[in-house]
Amino acid sequence: MACRISELIIPCRDVQRLAAFWCEVLDFIVLDDDDGGAVEIGPREGFGGLQPTLVFVPSTEPKTGKLRMHFDVNATDRDQDAELERLLKLGARPAEIGQSGEEQWHVLADPEGNEFCLLRARLS
């Protein structure tokens, strides 16, 4: 028997805003909201499925420097260019972390500056 990642905890300043952003990016729903505290989002089938849930917890500490761990996302129903346009409209912005410009992925930041990458492959 092995372990499986069930939840990822993300400290942030604006829990509601970041939860809403990632719900739109991932087509997740709010699973739990404890009124001003943590917000858990996840797939429509809920906690315990193949995808981990994301728990946004309040923090007053600012983000400093490049994240040591980040998300990689892939479009599911459109090509990379169309997905990039959608993510930018949702509030993502390009992030510079030392890329060469030859990468096949886009480095972006969420509304609080957390880096994530949009990969080229489309997943079904």
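Contact here means heavy atoms within 4.5 Å. The views below show a predicted model.

**View 1. Helix H2 and its packing partners.** The buried residues of H2 pack against H1, strand E7 (106-109) and strand E8 (115-118). H2 spans residues 80-90. Its buried residues are Gln80, Glu83, Leu84 and Leu87. Seen down the axis of H2, they fall within an arc of 105 degrees, so they line one face of the helix. An α-helix has 3.6 residues a turn, so residues three or four places apart point the same way. Asp81 and Lys89 are exposed, on the face of H2 turned away from its buried side.

**View 2. The two ends of H2.** Just after H2 comes Gly91, with a positive phi of about 120 degrees.

**View 3. The sheet E1-E4-E3-E2.** Four strands make up this open sheet, and the pairing is mixed. Strand E1 (7-12) and strand E2 (29-33) are the edge strands, each pairing on one side only. From one strand to the next, the twist averages 25 degrees.

**View 4. Strand E1 beside strand E4.** E4 covers residues 53-58. E1 and E4 run parallel, joined by six bridges. Within this pair, Glu7 stands opposite Thr53 in E4.

**View 5. Helix H1 on the sheet.** H1 covers residues 15-26 and packs on the sheet of E1, E2, E3 and E4, touching each of these strands. Strand E3 is made of residues 39-42. The direction of H1 makes about 165 degrees with that of E4. H1 also takes part in View 1, where the buried residues of H2 pack against it.

**View 6. The sheet E5-E8-E7-E6.** This sheet is open, with four strands in mixed pairing. Its edge strands are strand E5 (71-73) and strand E6 (93-94). Each of these edge strands pairs on one side only. Two members of the sheet order, E7 and E8, are also strands against which the buried residues of H2 pack.

**View 7. Strand E5 beside strand E8.** The two strands pair in the parallel sense, over three bridges. Asp72 has Cys117 as its bridge partner in E8.

Technical notes. Residues numbered from 1 in each chain as written. Predicted model: local features only at pLDDT ≥ 70, side-chain atom pairs only at ≥ 80, totals over all residues. Heavy atoms only, no water. Pairing = 2+ DSSP bridges. Axes fitted to C-alpha atoms, helices over the stretch in contact; angles between N-to-C directions. Buried < 20%, exposed > 50% of the residue type's maximum accessible area, 1.4 Å probe, protein only. Arc of directions from axis to C-beta.
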